[in-house]
Amino acid sequence: MSIPVWSSLQAAAAHVDKLVAAQPEPGQRLPGERAELAAAKDTARALRTRFLDTHADAVYDRLTDGGTKRLRIAELVEAAAAEYPVLVPTAEQLAADRGRRQADKEGYEIDQGIFLRAVLGSPRAGTHLLDTMLQPTPRALQLLPDFLRTGVLTTRSVHLERRDGTAHLTMHRDDCLNAEDEQQVDDMETAVDLALLDPQVKVGVLRGGTMTHPRYRGRRVFSAGINLKSLHNGDISLVGFLLLRELGYIHKLVRGIRTKDAPWHSPTVEKPWIAAVETFAIGGGTQLLLAFDHVLAASDAYLSLPAAREGIVPGAGNFRLGRHTGPRISRQVILQGRRIRATEPDARLLIDEVVEPEDIDTAVARAVDRLSGPAVVPNRKMLNLAEEPVDEFRRYMAEFALQQALRLYGEDVIGKVGRFAEKA
């Protein structure tokens with residue numbers, strides 16, 4: 001390893017820790033104290049970046065025993081914190097931040113972003129990590145025998161039911177219009193894993209449940225995107241939500257699941273997926289649609305990716321949206337907050353089928369029938385290979401890891417989610 005850079009990094013990290021210990025809590029610091037600490041953090045982060053630009057593969061090999069140990073992303077940063085505490089925040093540092101509002105955190109997740117950008121940016125380490133993330137979660141494997149027997153799973157956030165060879169996955173966070181938080185991300189990955197692992201399931205369908213929210217009571221809603229109240233409260237993490245969501249269940253929707261029961265000719269088990277949008281798909285809801293094989297929507301629904309308003313990067317939306325709509329519309333939607341209503345001509349670039357709200361069930365059944373043929377899976381595999389090469393996705397997610405970490409602590413983001421929380 002580069003001894004001079006490593007020694008400088010150790011000294012810079014120690015200086016940051018000394019300042020943090022000496023200063024008041026983040027929300028109580030004076031402007032001069034904040035500026036002094038920000039400068040020290042910038043120095044340490046520049047050195048971390050230099051070190052990892054050269055040694056990311058060596059660090060990853062050490063943490064994974066040369067790639068023989070499969071560590072999911074949360075396990076990887078945990079192992080890195082134990083082995084290389086100057087590279088990523090320690091468990092104690094993260095615990096000190098946990099429970100604080102977003103505005104009162106130290107921003108340790110930016111250092112996780114630096115580390116993960118380097119790992120994902122490496123063709124060797126990044127490919128290994130992406131492949132690891134396609135494995136079923138321990139929670140899903142534990143629940144699998146019961147699901148195979150009953151065909152039903154109900155969690156806090158989702159309901160999964162197998163009916164006639166179709167996995168019907170319903171998001172039912174009726175209290176918040178299916179706005180995603182860390183619990184929902186975990187529940188969604190568990191449900192997607194079970195649908196993919198169940199040999200009786202041929203097609204998956206995702207739909208929003210019926211709401212109890214006063215404004216939408218009795219109506220189905222697809223998704224309101226990220227839970228901004230949770231973000232304000234400091235409960236939306238870089239690793240446990242923003243990266244796990246993209247590299248976990250959405251990654252599996254596109255590429256399937258890696259399992260020892262996969263056929264010899266394919267390392268993954270894939271299935272076609274249908275999304276049915278009612279009322280709206282905002283933010284993360286629209287991001288989801290870009291990963292589906294068939295999207296149908298009620299005629300009164302709309303789509304949006306209000307990234308500019310929220311101040312964050314809309315997941316892999318920047319990577320996928322332009323491939324569907326072309327660059328002009330993707331910039332209108334992401335940079336300027338344009339809404340696309342299901343009935344307008346441009347919506348046909350994102351929605352395959354628009355039907356009256358009362359006809360959704362019938363339209364879903366027709367789509368399931370169309371996607372049940374034996375040649376669908378190999379052809380979707382080849383389409384995804386052509387449209388979204390894994391290596392391009394890996395490079396995008398590498399930069400996303402850092403840019404999203406920086407955005408989480410942007411003053412504009414903190415101000416916006418604070419105002420949202422006051423209204424909620």
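Me: Before we turn to this predicted model, what do the words buried, partly exposed and exposed mean for a residue?

Reply: A residue is buried when its relative accessible area is under 20%, exposed when the area is over 50%, and partly exposed in between.

Me: Why is arginine 309 called exposed?

Reply: Arginine 309 has a relative accessible area of 59%.

Me: Where is arginine 309 placed, and which patch includes Arg309?

Reply: Arginine 309 is in helix H12, residues 307–310. On the surface, Arg309 gathers with Arg215, Arg339 and Arg341 in a patch of positive charge.

Me: What makes this patch one of positive charge?

Reply: The members of the patch are Arg215, Arg309, Arg339 and Arg341. Because Lys and Arg count as positive, the patch is described as positive.

Me: Why is the contact of glutamate 189 and lysine 252 called a salt bridge?

Reply: The distance from N to O between these two side chains is 2.7 Å. A salt bridge requires a side-chain nitrogen of Lys or Arg within 4 Å of a carboxyl oxygen of Asp or Glu, so the pair of glutamate 189 and lysine 252 qualifies. Side chains of opposite charge can pair when their charged atoms come close.

Me: What makes the pair of glutamate 189 and lysine 252 a tie between parts of the chain?

Reply: Glutamate 189 belongs to helix H8 (residues 182–197), whereas lysine 252 belongs to helix H10 (residues 238–255). The two parts are 63 residues apart in sequence, so the pair ties them together.

Me: Are these two partners buried or exposed, and how do you know?

Reply: Glutamate 189 has a relative accessible area of 2%, and lysine 252 has 0%. Buried means under 20%, so glutamate 189 is buried and lysine 252 is buried. Glu189 and Lys252 are also linked with Arg72 and Asp193 in a network of salt bridges.

Me: How many salt bridges does the structure hold, and why does the pair of lysine 381 and glutamate 270 count as a salt bridge?

Reply: The structure holds 43 salt bridges. The side chains of lysine 381 and glutamate 270 meet at 2.8 Å, N to O. The limit is within 4 Å, so this pair counts as a salt bridge. The pair links distant parts of the chain, 111 residues apart: lysine 381 is in helix H16 (residues 376–387), and glutamate 270 is in the loop between strand E6 (268–269) and strand E7 (273–277).

Me: Why is lysine 381 called partly exposed, and why is glutamate 270 called buried?

Reply: Lysine 381 has a relative accessible area of 27%. This value lies between 20% and 50%, so the term is partly exposed. Glutamate 270 has 10%, and buried means under 20%, so glutamate 270 is buried.

Me: How do you know that phenylalanine 51 is buried, and where is phenylalanine 51 found?

Reply: Phenylalanine 51 has a relative accessibility of 1%. Buried means under 20%, so phenylalanine 51 counts as buried. Phenylalanine 51 is found in helix H2 (residues 31–63).

Technical notes:
Residues numbered from 1 in each chain as written. Predicted model: local features only at pLDDT ≥ 70, side-chain atom pairs only at ≥ 80, totals over all residues. Heavy atoms only, no water. Patch = residues over 30% accessible without salt bridge, like charges linked within 9 Å, V, L, I, M, F, W, Y side chains within 5 Å. Areas by Shrake-Rupley, 256 points an atom, 1.4 Å probe, with all protein chains shown as cover. Charge placed at Lys NZ, Arg CZ, Asp CG, Glu CD. Helix = DSSP H or I, 4+ residues; strand = E, 2+ residues; numbered from the N terminus. Buried < 20%, exposed > 50% of the residue type's maximum accessible area, 1.4 Å probe, protein only.
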